[in-house]
Amino acid sequence: MSGFRQDVETSIPALRRYARALTRDGDVADDLVQDTLVRALRSEHLFHGGDVRSWLYTILTNLNRNRLRSLSRRPALMPMDDNDAADMAGPEAGGRDIERALATLVDEQRSALLLVVLEGLSYREVAEVQGVPIGTVMSRLARARAQVKAFLDGERPALRRVK
Amino acid sequence: MVDRTTQVTDDELHAYVDGELRPDRRSAVESWLAAHPEDAARVAAWRAHSELIRVRYGGVARNPVPAHLDLDRLTRAERKWTWLAAAAVLAAFLVGGATGWFGRGVLEGVPSLAAQTETAEAIDAHKLYVSEVRHPIEVPADASHLLPWLSRRVGSTLRAPDLGTFGLKLMGGRLLPGHSGKPAAMFMYESTSGERYTLYCARSAAPETALHYSVAGPVAAVYWGDGDVGFVVSGPADRDRLLKIAQSAYEQLDRRITRGNS
(Lines give C-alpha, C1' and ligand atoms only; values in the text may rest on other atoms or scores of the structure.)
Protein backbone atom coordinates (compact mmCIF):
# COMPACT_ATOMS: atom_id res chain seq x y z
CA MET A 1 0.00 0.00 0.00
CA SER A 2 1.34 3.42 -0.94
CA GLY A 3 2.18 5.94 1.75
CA PHE A 4 -0.54 8.20 0.48
CA ARG A 5 -3.15 5.50 0.67
CA GLN A 6 -1.97 4.49 4.10
CA ASP A 7 -2.24 8.09 5.30
CA VAL A 8 -5.76 8.34 3.93
CA GLU A 9 -6.73 5.12 5.64
CA THR A 10 -5.44 6.11 9.05
CA SER A 11 -7.31 9.41 8.81
CA ILE A 12 -10.72 7.78 8.37
CA PRO A 13 -11.65 7.53 12.09
CA ALA A 14 -10.83 11.21 12.66
CA LEU A 15 -12.68 12.23 9.51
CA ARG A 16 -15.76 10.38 10.70
CA ARG A 17 -15.52 12.11 14.07
CA TYR A 18 -15.23 15.54 12.49
CA ALA A 19 -18.01 14.87 9.97
CA ARG A 20 -20.27 13.56 12.70
CA ALA A 21 -19.80 16.65 14.86
CA LEU A 22 -20.11 18.92 11.85
CA THR A 23 -23.37 17.42 10.59
CA ARG A 24 -24.73 15.86 13.81
CA ASP A 25 -26.08 13.01 11.70
CA GLY A 26 -24.29 9.70 11.43
CA ASP A 27 -25.55 8.79 7.96
CA VAL A 28 -24.93 12.19 6.42
CA ALA A 29 -21.50 12.20 8.07
CA ASP A 30 -20.50 8.85 6.59
CA ASP A 31 -21.79 9.93 3.18
CA LEU A 32 -19.55 12.95 3.41
CA VAL A 33 -16.60 10.83 4.47
CA GLN A 34 -17.22 8.45 1.59
CA ASP A 35 -17.39 11.30 -0.91
CA THR A 36 -14.22 12.74 0.59
CA LEU A 37 -12.36 9.45 0.28
CA VAL A 38 -13.49 8.88 -3.29
CA ARG A 39 -12.33 12.34 -4.27
CA ALA A 40 -9.05 11.91 -2.46
CA LEU A 41 -8.31 8.58 -4.14
CA ARG A 42 -9.29 9.97 -7.50
CA SER A 43 -7.08 13.02 -7.21
CA GLU A 44 -4.07 11.41 -5.60
CA HIS A 45 -2.03 12.64 -8.55
CA LEU A 46 -2.96 16.22 -7.64
CA PHE A 47 -1.57 15.86 -4.15
CA HIS A 48 1.92 17.27 -3.99
CA GLY A 49 3.12 16.41 -0.55
CA GLY A 50 2.09 18.07 2.66
CA ASP A 51 -0.26 16.83 5.30
CA VAL A 52 -2.75 14.32 3.90
CA ARG A 53 -5.00 14.72 6.92
CA SER A 54 -5.34 18.49 6.50
CA TRP A 55 -6.04 17.97 2.83
CA LEU A 56 -8.81 15.50 3.66
CA TYR A 57 -10.30 17.94 6.17
CA THR A 58 -10.25 20.55 3.41
CA ILE A 59 -12.12 18.32 0.97
CA LEU A 60 -14.66 17.35 3.60
CA THR A 61 -15.19 20.94 4.72
CA ASN A 62 -15.80 22.04 1.12
CA LEU A 63 -18.14 19.16 0.38
CA ASN A 64 -20.12 20.00 3.48
CA ARG A 65 -20.33 23.63 2.44
CA ASN A 66 -21.73 22.57 -0.94
CA ARG A 67 -24.16 20.27 0.79
CA LEU A 68 -25.38 23.04 3.09
CA ARG A 69 -25.71 25.44 0.22
CA SER A 70 -28.01 23.03 -1.54
CA LEU A 71 -29.90 22.28 1.66
CA SER A 72 -30.15 25.88 2.72
CA ARG A 73 -33.90 25.97 2.41
CA ARG A 74 -34.48 22.82 4.34
CA PRO A 75 -35.67 23.57 7.87
CA ALA A 76 -33.16 22.43 10.46
CA LEU A 77 -34.69 19.46 12.21
CA MET A 78 -33.82 19.39 15.84
CA PRO A 79 -34.76 16.44 18.00
CA MET A 80 -37.57 17.36 20.33
CA ASP A 81 -36.82 16.74 23.95
CA ASP A 82 -39.66 14.82 25.37
CA ASN A 83 -37.89 14.21 28.61
CA ASP A 84 -35.84 17.15 29.63
CA ALA A 85 -35.78 16.27 33.29
CA ALA A 86 -34.20 12.91 32.66
CA ASP A 87 -31.93 14.54 30.12
CA MET A 88 -30.64 16.99 32.69
CA ALA A 89 -30.02 14.34 35.27
CA GLY A 90 -28.39 11.76 33.03
CA PRO A 91 -24.76 11.59 32.03
CA GLU A 92 -25.84 12.38 28.47
CA ALA A 93 -27.14 15.78 29.53
CA GLY A 94 -23.99 17.65 28.61
CA GLY A 95 -23.67 15.78 25.33
CA ARG A 96 -27.16 16.63 24.18
CA ASP A 97 -26.72 20.26 25.16
CA ILE A 98 -23.42 20.71 23.40
CA GLU A 99 -24.90 19.10 20.32
CA ARG A 100 -27.74 21.60 20.30
CA ALA A 101 -25.37 24.45 21.02
CA LEU A 102 -23.24 23.46 18.01
CA ALA A 103 -26.38 23.30 15.89
CA THR A 104 -26.95 27.00 16.46
CA LEU A 105 -23.56 27.97 15.00
CA VAL A 106 -22.92 29.29 11.54
CA ASP A 107 -21.21 26.56 9.52
CA GLU A 108 -17.79 28.23 9.26
CA GLN A 109 -17.74 28.91 12.98
CA ARG A 110 -18.70 25.35 13.85
CA SER A 111 -16.05 24.04 11.49
CA ALA A 112 -13.36 26.28 13.01
CA LEU A 113 -14.27 25.34 16.56
CA LEU A 114 -14.37 21.60 15.81
CA LEU A 115 -11.12 21.58 13.88
CA VAL A 116 -9.37 23.25 16.81
CA VAL A 117 -10.89 21.56 19.86
CA LEU A 118 -11.91 18.17 18.47
CA GLU A 119 -9.36 17.55 15.74
CA GLY A 120 -6.47 19.39 17.38
CA LEU A 121 -5.47 21.39 14.31
CA SER A 122 -3.39 24.51 14.79
CA TYR A 123 -4.82 27.90 13.88
CA ARG A 124 -2.55 27.92 10.85
CA GLU A 125 -3.81 24.53 9.68
CA VAL A 126 -7.42 25.61 10.14
CA ALA A 127 -6.68 28.74 8.09
CA GLU A 128 -5.40 26.49 5.28
CA VAL A 129 -8.38 24.15 5.50
CA GLN A 130 -10.86 27.02 5.43
CA GLY A 131 -8.86 29.05 2.93
CA VAL A 132 -8.93 32.21 5.03
CA PRO A 133 -6.37 34.28 7.00
CA ILE A 134 -5.58 33.25 10.58
CA GLY A 135 -7.31 36.38 11.86
CA THR A 136 -10.55 35.16 10.33
CA VAL A 137 -10.13 31.77 11.96
CA MET A 138 -9.64 33.46 15.32
CA SER A 139 -12.71 35.62 14.97
CA ARG A 140 -14.77 32.57 13.90
CA LEU A 141 -13.48 30.70 16.92
CA ALA A 142 -14.27 33.60 19.24
CA ARG A 143 -17.79 33.97 17.89
CA ALA A 144 -18.36 30.23 18.08
CA ARG A 145 -17.29 30.09 21.71
CA ALA A 146 -19.34 33.14 22.65
CA GLN A 147 -22.40 31.62 21.00
CA VAL A 148 -21.96 28.20 22.60
CA LYS A 149 -21.53 29.83 25.99
CA ALA A 150 -24.57 32.06 25.51
CA PHE A 151 -26.63 29.06 24.45
CA LEU A 152 -25.56 26.88 27.36
CA ASP A 153 -25.82 29.72 29.90
CA GLY A 154 -29.17 30.83 28.58
CA GLU A 155 -31.08 27.67 28.02
CA ARG A 156 -30.80 25.86 31.29
CA PRO A 157 -32.26 28.63 33.50
CA ALA A 158 -35.07 29.07 30.98
CA LEU A 159 -35.93 25.40 31.28
CA ARG A 160 -35.78 25.47 35.04
CA ARG A 161 -38.03 28.46 35.16
CA VAL A 162 -40.93 26.60 33.63
CA LYS A 163 -40.67 23.72 36.06
CA MET B 1 -3.52 53.63 34.31
CA VAL B 2 -3.35 50.34 32.42
CA ASP B 3 0.03 48.77 32.10
CA ARG B 4 0.33 48.03 28.37
CA THR B 5 2.69 45.13 28.87
CA THR B 6 0.14 43.21 30.91
CA GLN B 7 -2.87 44.10 28.75
CA VAL B 8 -4.25 40.80 27.42
CA THR B 9 -6.50 40.50 24.36
CA ASP B 10 -9.34 38.05 23.78
CA ASP B 11 -7.33 36.49 21.00
CA GLU B 12 -4.63 35.71 23.53
CA LEU B 13 -7.15 34.13 25.87
CA HIS B 14 -8.29 31.81 23.07
CA ALA B 15 -4.70 31.07 22.13
CA TYR B 16 -4.00 30.28 25.80
CA VAL B 17 -6.86 27.74 25.87
CA ASP B 18 -5.76 26.18 22.59
CA GLY B 19 -2.06 25.98 23.36
CA GLU B 20 -1.25 28.53 20.68
CA LEU B 21 -0.03 31.32 22.95
CA ARG B 22 3.49 32.61 22.52
CA PRO B 23 5.42 31.19 25.49
CA ASP B 24 6.64 34.63 26.55
CA ARG B 25 3.05 35.75 27.06
CA ARG B 26 2.02 32.90 29.28
CA SER B 27 2.78 34.52 32.62
CA ALA B 28 1.15 37.79 31.52
CA VAL B 29 -2.04 35.92 30.64
CA GLU B 30 -1.99 33.97 33.88
CA SER B 31 -1.60 37.08 36.01
CA TRP B 32 -4.33 38.74 33.98
CA LEU B 33 -6.69 35.84 34.70
CA ALA B 34 -5.85 35.94 38.38
CA ALA B 35 -6.82 39.60 38.45
CA HIS B 36 -9.88 39.33 36.20
CA PRO B 37 -12.32 36.71 37.47
CA GLU B 38 -14.80 37.30 34.65
CA ASP B 39 -12.20 36.47 32.05
CA ALA B 40 -11.07 33.52 34.13
CA ALA B 41 -14.65 32.27 34.17
CA ARG B 42 -14.91 32.62 30.39
CA VAL B 43 -11.68 30.72 29.90
CA ALA B 44 -12.91 27.99 32.25
CA ALA B 45 -16.20 27.77 30.33
CA TRP B 46 -14.39 27.51 26.97
CA ARG B 47 -12.30 24.68 28.35
CA ALA B 48 -15.33 22.92 29.75
CA HIS B 49 -17.16 23.24 26.44
CA SER B 50 -14.17 21.89 24.53
CA GLU B 51 -14.20 18.92 26.85
CA LEU B 52 -17.94 18.41 26.27
CA ILE B 53 -17.32 18.35 22.53
CA ARG B 54 -14.50 15.83 22.88
CA VAL B 55 -16.56 13.62 25.19
CA ARG B 56 -19.59 13.82 22.91
CA TYR B 57 -17.84 12.96 19.64
CA GLY B 58 -14.54 11.37 20.62
CA GLY B 59 -16.11 7.91 20.60
CA VAL B 60 -16.89 8.12 16.89
CA ALA B 61 -13.20 7.83 16.07
CA ARG B 62 -12.86 4.77 18.30
CA ASN B 63 -15.71 2.89 16.63
CA PRO B 64 -14.86 0.42 13.89
CA VAL B 65 -14.94 1.94 10.42
CA PRO B 66 -17.99 0.66 8.52
CA ALA B 67 -17.33 -1.59 5.56
CA HIS B 68 -18.60 0.86 2.97
CA LEU B 69 -15.76 3.23 3.86
CA ASP B 70 -13.14 0.57 3.23
CA LEU B 71 -10.65 1.97 0.73
CA ASP B 72 -10.31 -1.21 -1.30
CA ARG B 73 -14.03 -1.42 -1.59
CA LEU B 74 -14.31 2.22 -2.63
CA THR B 75 -11.66 1.68 -5.26
CA ARG B 76 -13.58 -1.28 -6.65
CA ALA B 77 -16.82 0.72 -6.64
CA GLU B 78 -15.05 3.51 -8.46
CA ARG B 79 -13.91 1.14 -11.18
CA LYS B 80 -17.41 -0.23 -11.52
CA TRP B 81 -18.94 3.22 -11.91
CA THR B 82 -16.32 4.22 -14.41
CA TRP B 83 -17.04 1.08 -16.35
CA LEU B 84 -20.78 1.74 -16.29
CA ALA B 85 -20.30 5.31 -17.44
CA ALA B 86 -17.93 4.18 -20.17
CA ALA B 87 -20.38 1.50 -21.28
CA ALA B 88 -23.18 4.04 -21.36
CA VAL B 89 -21.17 6.43 -23.48
CA LEU B 90 -20.10 3.66 -25.78
CA ALA B 91 -23.70 2.59 -26.21
CA ALA B 92 -24.75 6.15 -26.89
CA PHE B 93 -21.91 6.48 -29.35
CA LEU B 94 -22.92 3.34 -31.18
CA VAL B 95 -26.57 4.22 -31.46
CA GLY B 96 -26.39 7.89 -32.21
CA GLY B 97 -24.09 10.47 -33.62
CA ALA B 98 -21.07 10.90 -31.44
CA THR B 99 -21.42 14.66 -31.60
CA GLY B 100 -20.91 16.20 -28.28
CA TRP B 101 -19.91 13.19 -26.28
CA PHE B 102 -16.24 13.64 -26.81
CA GLY B 103 -16.66 17.25 -25.88
CA ARG B 104 -17.74 16.09 -22.47
CA GLY B 105 -14.14 15.49 -21.64
CA VAL B 106 -12.78 12.91 -19.27
CA LEU B 107 -15.33 10.63 -17.71
CA GLU B 108 -15.88 10.92 -14.02
CA GLY B 109 -16.11 7.91 -11.76
CA VAL B 110 -18.65 7.81 -8.98
CA PRO B 111 -21.18 10.58 -9.55
CA SER B 112 -21.20 13.34 -6.98
CA LEU B 113 -23.52 13.22 -4.04
CA ALA B 114 -25.60 15.99 -5.61
CA ALA B 115 -25.95 14.03 -8.85
CA GLN B 116 -26.96 10.90 -7.00
CA THR B 117 -29.51 12.80 -4.93
CA GLU B 118 -30.97 14.48 -7.97
CA THR B 119 -31.26 11.16 -9.80
CA ALA B 120 -33.02 9.65 -6.81
CA GLU B 121 -35.48 12.53 -6.66
CA ALA B 122 -36.15 12.36 -10.37
CA ILE B 123 -36.84 8.62 -10.14
CA ASP B 124 -39.21 9.18 -7.21
CA ALA B 125 -41.11 11.84 -9.14
CA HIS B 126 -41.14 9.65 -12.22
CA LYS B 127 -42.62 6.70 -10.32
CA LEU B 128 -45.23 8.88 -8.66
CA TYR B 129 -46.52 10.69 -11.72
CA VAL B 130 -46.06 8.13 -14.45
CA SER B 131 -48.62 5.88 -12.78
CA GLU B 132 -51.05 8.77 -12.39
CA VAL B 133 -54.05 8.24 -14.61
CA ARG B 134 -56.02 11.43 -14.30
CA HIS B 135 -53.41 14.11 -13.66
CA PRO B 136 -49.97 12.94 -14.74
CA ILE B 137 -49.09 16.48 -15.76
CA GLU B 138 -49.95 19.90 -14.49
CA VAL B 139 -49.77 21.98 -17.66
CA PRO B 140 -50.42 20.42 -21.07
CA ALA B 141 -47.89 20.59 -23.92
CA ASP B 142 -50.10 22.85 -26.03
CA ALA B 143 -50.24 25.56 -23.37
CA SER B 144 -48.02 28.41 -24.53
CA HIS B 145 -46.95 29.24 -20.99
CA LEU B 146 -45.54 25.79 -20.23
CA LEU B 147 -41.90 26.49 -21.10
CA PRO B 148 -41.71 30.17 -20.04
CA TRP B 149 -43.31 29.31 -16.72
CA LEU B 150 -41.09 26.32 -15.90
CA SER B 151 -37.98 28.17 -17.15
CA ARG B 152 -38.73 31.10 -14.91
CA ARG B 153 -39.35 28.92 -11.86
CA VAL B 154 -36.31 26.71 -12.38
CA GLY B 155 -34.13 29.71 -13.21
CA SER B 156 -32.76 28.50 -16.54
CA THR B 157 -34.11 28.53 -20.09
CA LEU B 158 -35.62 25.11 -20.56
CA ARG B 159 -36.68 23.31 -23.69
CA ALA B 160 -38.59 20.11 -24.04
CA PRO B 161 -36.70 17.98 -26.57
CA ASP B 162 -38.60 16.45 -29.46
CA LEU B 163 -38.62 12.70 -28.95
CA GLY B 164 -40.90 11.98 -31.87
CA THR B 165 -38.36 9.64 -33.48
CA PHE B 166 -38.89 7.32 -30.52
CA GLY B 167 -42.65 7.50 -30.87
CA LEU B 168 -42.83 9.70 -27.80
CA LYS B 169 -45.10 12.70 -27.66
CA LEU B 170 -44.76 15.47 -25.10
CA MET B 171 -47.76 15.41 -22.79
CA GLY B 172 -46.81 18.43 -20.75
CA GLY B 173 -44.97 19.25 -17.59
CA ARG B 174 -45.14 20.09 -13.97
CA LEU B 175 -43.28 21.97 -11.29
CA LEU B 176 -41.83 19.94 -8.44
CA PRO B 177 -40.02 20.64 -5.21
CA GLY B 178 -36.56 19.39 -6.16
CA HIS B 179 -33.42 18.81 -4.15
CA SER B 180 -33.57 21.02 -1.03
CA GLY B 181 -36.85 22.55 -2.16
CA LYS B 182 -35.42 24.24 -5.21
CA PRO B 183 -37.93 24.27 -8.06
CA ALA B 184 -37.51 21.44 -10.54
CA ALA B 185 -39.33 20.87 -13.79
CA MET B 186 -40.52 17.55 -15.12
CA PHE B 187 -41.65 16.93 -18.68
CA MET B 188 -43.57 13.80 -19.47
CA TYR B 189 -43.67 11.95 -22.76
CA GLU B 190 -45.92 9.14 -23.83
CA SER B 191 -45.95 6.65 -26.66
CA THR B 192 -49.10 5.43 -28.34
CA SER B 193 -48.74 2.23 -26.38
CA GLY B 194 -48.80 4.20 -23.12
CA GLU B 195 -45.12 3.90 -22.33
CA ARG B 196 -44.03 6.99 -20.37
CA TYR B 197 -40.69 8.73 -20.03
CA THR B 198 -39.84 11.83 -18.03
CA LEU B 199 -37.18 14.48 -18.28
CA TYR B 200 -36.36 16.12 -14.97
CA CYS B 201 -34.43 19.41 -14.93
CA ALA B 202 -33.17 21.34 -11.93
CA ARG B 203 -30.51 23.88 -11.14
CA SER B 204 -27.71 21.81 -9.72
CA ALA B 205 -24.55 22.27 -7.73
CA ALA B 206 -23.23 19.06 -9.23
CA PRO B 207 -20.25 19.40 -11.54
CA GLU B 208 -20.69 18.84 -15.26
CA THR B 209 -20.61 15.16 -16.01
CA ALA B 210 -20.97 12.68 -18.74
CA LEU B 211 -24.07 10.58 -18.51
CA HIS B 212 -24.56 8.14 -15.70
CA TYR B 213 -26.93 5.25 -15.99
CA SER B 214 -28.60 3.84 -12.92
CA VAL B 215 -31.36 1.35 -12.30
CA ALA B 216 -33.96 1.36 -9.55
CA GLY B 217 -36.06 -1.76 -9.99
CA PRO B 218 -38.31 -1.45 -13.03
CA VAL B 219 -37.24 2.16 -13.60
CA ALA B 220 -33.90 3.34 -14.93
CA ALA B 221 -32.48 6.83 -15.22
CA VAL B 222 -29.70 8.61 -17.04
CA TYR B 223 -28.20 11.66 -15.39
CA TRP B 224 -25.99 14.35 -16.90
CA GLY B 225 -24.96 17.78 -15.75
CA ASP B 226 -24.65 20.67 -18.15
CA GLY B 227 -23.74 24.14 -17.01
CA ASP B 228 -25.66 24.73 -13.83
CA VAL B 229 -28.51 22.41 -14.72
CA GLY B 230 -28.77 18.71 -13.97
CA PHE B 231 -30.92 16.56 -16.25
CA VAL B 232 -32.38 13.14 -15.58
CA VAL B 233 -34.22 11.07 -18.16
CA SER B 234 -36.20 8.28 -16.52
CA GLY B 235 -38.16 5.48 -18.04
CA PRO B 236 -38.68 1.74 -18.11
CA ALA B 237 -35.46 -0.15 -17.43
CA ASP B 238 -34.76 -0.94 -21.06
CA ARG B 239 -31.21 0.15 -21.20
CA ASP B 240 -30.62 0.53 -24.92
CA ARG B 241 -33.80 2.45 -25.52
CA LEU B 242 -33.31 4.72 -22.53
CA LEU B 243 -29.76 5.54 -23.58
CA LYS B 244 -30.87 6.39 -27.10
CA ILE B 245 -33.57 8.69 -25.75
CA ALA B 246 -31.20 10.33 -23.26
CA GLN B 247 -28.61 10.80 -25.98
CA SER B 248 -31.15 12.52 -28.21
CA ALA B 249 -32.38 14.72 -25.36
CA TYR B 250 -28.82 15.58 -24.47
CA GLU B 251 -27.94 16.62 -28.02
CA GLN B 252 -31.03 18.75 -28.40
CA LEU B 253 -30.57 20.47 -25.07
CA ASP B 254 -26.85 20.93 -25.59
CA ARG B 255 -27.55 22.61 -28.91
CA ARG B 256 -29.55 25.15 -26.98
CA ILE B 257 -26.53 25.99 -24.89
CA THR B 258 -23.88 25.98 -27.60
CA ARG B 259 -25.90 27.81 -30.24
CA GLY B 260 -27.84 30.16 -28.05
CA ASN B 261 -31.58 30.33 -27.77
CA SER B 262 -32.34 30.68 -31.43
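**Note on the predicted two-chain model**

1. In chain B, the helix α2(B) residues B:W32, B:L33 and B:A35 meet B:P37, B:D39, B:A40 and B:V43 of α3(B). Contact here means heavy atoms within 4.5 Å. The residues of this contact divide into six nonpolar, no polar and one charged. Ala, Val, Leu, Ile, Met, Phe, Trp, Tyr, Cys and Pro count as nonpolar, Asp, Glu, Lys and Arg as charged, and the others, Gly among them, as polar.

2. This is a predicted model: local features need pLDDT of at least 70, side-chain atom pairs count only at pLDDT 80 or more, and totals for chains, interfaces and linings use all residues. Residues are numbered from 1 along each chain as its sequence is written, chains are lettered from A in the order in which they are written, and side-chain values use heavy atoms, with hydrogens and water left out.

3. Helices α2 (residues 26-35) and α3 (residues 37-62) of chain B pack at about 110°, with axes 5 Å apart. Axes are lines fitted to C-alpha atoms over the stretch in contact, and angles run from 0 to 180 degrees between N-to-C directions. α2(B) is therefore roughly perpendicular to α3(B), a label for angles of 65 to 115 degrees.

4. The largest nonpolar core has 63 residues. Such a core is a set of buried Ala, Val, Leu, Ile, Met, Phe, Trp, Tyr and Cys residues joined through side-chain atoms within 4.5 Å. Buried means under 20% relative accessible area (1.4 Å probe, protein chains only). A:L37, A:L113 and B:I53 have the most contacts inside this core. Leaving out residues up to four places away in sequence, B:I53 touches A:I98, A:L102, A:L113, A:L114, A:V117, A:L118 and B:G58. Apart from this core lies another, of 32 residues, including B:W149 and B:Y197.

5. Chain A has eight helices and zero strands. Helices (H or I, at least four residues) and strands (E, at least two) are DSSP runs, numbered from the N terminus. Buried residues make up 48% of the 163 in chain A.

6. Confidence needs a look. pLDDT is the predictor's confidence in each residue, from 0 to 100. Chain B has a mean of 82, and 80% of its residues reach 70 or more. Over residues 93-109 of chain B the pLDDT is below 50. For the complex, the predictor gives an ipTM of 0.82 and a pTM of 0.56.

Conventions
Buried means under 20% relative accessible area, exposed over 50%, partly exposed in between (1.4 Å probe, protein chains only). Angles under 35 degrees count as roughly parallel, over 145 as roughly antiparallel, 65 to 115 as roughly perpendicular and the rest as oblique.
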